Amino acid sequence: MATDRIDTLLDEQRSFAPPAAFARGAHVRDRAPYERAAHDREGYWADWARQLQWVRPWDRVLEWKPPHAKWFVGGKLNASVNCLDRHVAAGRGDKTAIVWEGEPGEVRRITYSELHADVSRFANVLKGLGVARGDRVAVYMPMVPEVVVAMLACARIGAPHTVVFGGFSAESLRDRINDAQAKVLVTADGGYRRGTVVTLKQHADDAVRDCPSIRHVVVLRRTGQPVPMQPGRDVWWHERTSAAAPQCEPEVMDAEDPLFILYTSGTTGKPKGILHTTGGYLTHVFATTKWVFDLTENDVFWCTADVGWVTGHSYIVYGPLALGVTQVMYEGAPDHPAKDRFWGICARHGVTVFYTAPTAIRAFMKWGVEHPARHDLSQLRLLGTVGEPINPEAWMWYHQHIGKERCPIVDTWWQTETGGIMITPLPGVVTTKPGSATVPFPGIEAKLLDGEGGEVATGGGYLAITSPWPGMLRTIWGDDERYRQQYWTKWPGVYFPGDGAKRDDNGYFWILGRVDDVLNVAGHRIGTMEVESALVDHPAVAEAAVVGKAHDLKGQAIAAFVTLKEGHTTTDALREELKGHVAKKIGALARPDDVLFAADLPKTRSGKIMRRLLKDIAEGRALGDTTTLADPGVVSRLKDQYEERES
Ligand code: WT7
């Protein structure tokens, strides 16, 4: 039995060449960059780095002592200068940097000059509170422009930020602050989410009670609800900034100085503080923002992620601002006040490039096509996805109902750890296939390997990154041993991201999901994504999650949890039909033993399905750690439903 190969079942044949009109105007129109990067990877990345503004050039492009890389060694720069000062100096200060919509409906437009002044003021505020170069600053805020200001202010004074998603609990915030030993916390009185007020300051107070490193808490007034202010510790954002000067000399940072720490949950236990540094990270996000999203002077970019995730760090803050583009930022939920909110925003602000997650696309599918149909989406020219494998039917829905069969789709594979996009089409040159992230970005070297490190030419295996890249994590904050163990022990000198993948005859990569989730049915290792995509292929299904459930004969049997599109009803006949549909689509081997209809699937706050908990349910175990769930009620309801059916 092959234990280190993954069988591949799904055979997706549709493909979409870049539309001629798009390809003609794209930044990248031919394969030359791929060849250039393959020939001279370091020279290629150095060309990108030269497009940034440096105080002092680097002496060496790369120093690689596995598993530690240093990029642009000896170079000096400041990230906030690259995102602000240089655009203002180039006469683009009046260009809109951010068009922001609050959930209640207000709109703010902020130019690069205004952002520059706001960042400088807040940088002075932080300094006044005793924050010095190298000190960590925690940020726990709603999706308001001030969160960007806070992050860039940290970058300006050389204080690494650690942003904690505003949906996390007081305990999660506390653990992250303590791990990073942050000196100041920046938060708000509250934020708006689905029409209700999130009590951020209250969570912050609960957290900080057990955070001895925190000296001050800066509070932004967003909702205006009364909040207690602890004298000597808490200060108001508006009071301090109105008294601060709008100029602040930027710190000259080394290319390898830390820019931020961002926590990501491991499969179990303690969150990992992923450390990113300055020069390489900025180079990587600048390059990928420009080429993957094909952005030019008149584009309006909208990345729907929260800044609390790496997607927001790289493709709201550092990439788009380093490039000097105009972008949309939205505070709230996609279904508030109605399920067409995103499409209204696209139409109102003329969004041209739209980047979102498969989990959101599946929600849009479930809600129905009438919502986007009500709005003028004709300005859109390019769409993107990130965060999970996208089921081919969700890709087709996005293509038809949002892109109107006119916009290329870039399915971008990357991770908190990789800093920037790694595997992706370049929209002007790469033919796309629904469900495939296609090929590595120029300058990124990825392979498919088996457990022994042998290359898998076609078929299933483990995704591997075989050479260092500029945006890579440098370590896990305070735990370099864990860094080595987690990412670098599977094969010597090769990075293991933890994902399974397959390669097709064109060499395209198809990400199959986390290897921890891979099913093992009668000796066949099957990626969850393939069975889920076969289910989503059925017209009644909006979303599906499958898990392996212990089985005497087969090792594992497949249990499927299925959410239906609005207007479909759950019947035994449909259950049998779905099992048959999977068998027909990808083979009898993958036929689910069990199909459970669910109103919702358990997801992390970043929208990833938590299959581990579904496995607990399917195997009748007590539920494992549920603290990272967006809605803990979802699993307990599912568990009751499952147990009822089994009895
Ligand atoms: C994991 C990383 C990258 C920013 C958001 C998530 C999965 C991500 C894709 C994609 C298939 C994807 C992988 C990866 N993933 N993008 N386009 N196709 N899978 O960051 O929380 O660090 O998660 O998300 O499993 O390892 P993250």
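In the hairpin of strands E24 and E25, which has 5 residues between the strands, Gly507 adopts a positive phi near 80 degrees. Strands (E, at least two residues) and helices (H or I, at least four) are DSSP runs numbered from the N terminus, and two strands pair if DSSP finds at least two bridges between them. A friendly note before you dig in: this is a predicted model, in which local features need pLDDT of at least 70, side-chain atom pairs count only at pLDDT 80 or more, and totals for chains, interfaces and linings use all residues. Residues are numbered from 1 along each chain as its sequence is written, and side-chain values use heavy atoms, with hydrogens and water left out.

**Around the hairpin**

- E24 and E25 pair in the antiparallel sense over 5 bridges, and Lys502 stands opposite Trp510 in E25.
- Strand E22 (residues 459–465) also pairs with E24 in the antiparallel sense, over 4 bridges; here Gly459 stands opposite Arg503 in E24.
- Strand E24 (residues 499–503) has 5 of its 5 residues buried, so it is largely enclosed by the rest of the structure. Buried means under 20% relative accessible area, exposed over 50%, and partly exposed in between (1.4 Å probe, protein chains only).
- On one side of E24 the buried residues are Asp499, Ala501 and Arg503, and on the other they are Gly500 and Lys502, so both faces are covered.

**The ligand and its shell**

- The ligand is surrounded by 16 residues, and the closest are Asp411, Thr412, Thr416, Asp499 and Arg514. A residue counts as near when one of its heavy atoms lies within 4 Å.
- Helix H11 (310–323), strand E20 (409–412) and strand E25 (509–514) each supply at least two residues of this shell.
- The shell divides into 6 nonpolar, 5 polar and 5 charged residues. In this grouping Ala, Val, Leu, Ile, Met, Phe, Trp, Tyr, Cys and Pro are nonpolar, Asp, Glu, Lys and Arg are charged, and the others, Gly among them, are polar.
- A nitrogen atom of the ligand is 2.8 Å from a polar backbone atom of Thr412, and a backbone N or O atom of Pro389 lies 3.3 Å from a nitrogen atom of the ligand.
- An N or O atom in the side chain of Gln415 is 2.9 Å from an oxygen atom of the ligand.
- Taken alone, the ligand exposes 560 Å², and the protein buries 90% of that (Shrake-Rupley method, 1.4 Å probe; for residues, only the protein chains shown count as cover).

**The seven-stranded sheet**

- An open sheet of 7 strands runs in the order E5-E4-E17-E16-E18-E19-E20, with mixed pairing.
- Strand E5 (107–111) and E20 stand at the edges with a single partner strand each, so one side of each is left without a neighbour in the sheet.
- Strand E4 (residues 96–101) and strand E17 (residues 326–330) run parallel and are joined by 4 bridges, with Trp100 opposite Met329 in E17.

**Buried spots elsewhere**

- Helix H13 (residues 358–367) has 8 of its 10 residues buried, so it is largely enclosed by the rest of the structure; among them are Ile361, Phe364, Met365 and Trp367.
- Just after H13, Gly368 takes a positive phi of about 110 degrees.
- Arg233 lies in the loop between strand E11 (216–220) and strand E12 (234–236), and at 11% relative accessibility Arg233 counts as buried.
- Arg233 and Arg215 are 18 residues apart in sequence and 6.3 Å apart in space, C-alpha to C-alpha.

Methods. A polar contact is a pair of N or O atoms within 3.5 Å; within protein, one must be able to donate a hydrogen and the other to accept it, and residues adjacent in sequence count only if both atoms are side-chain atoms.
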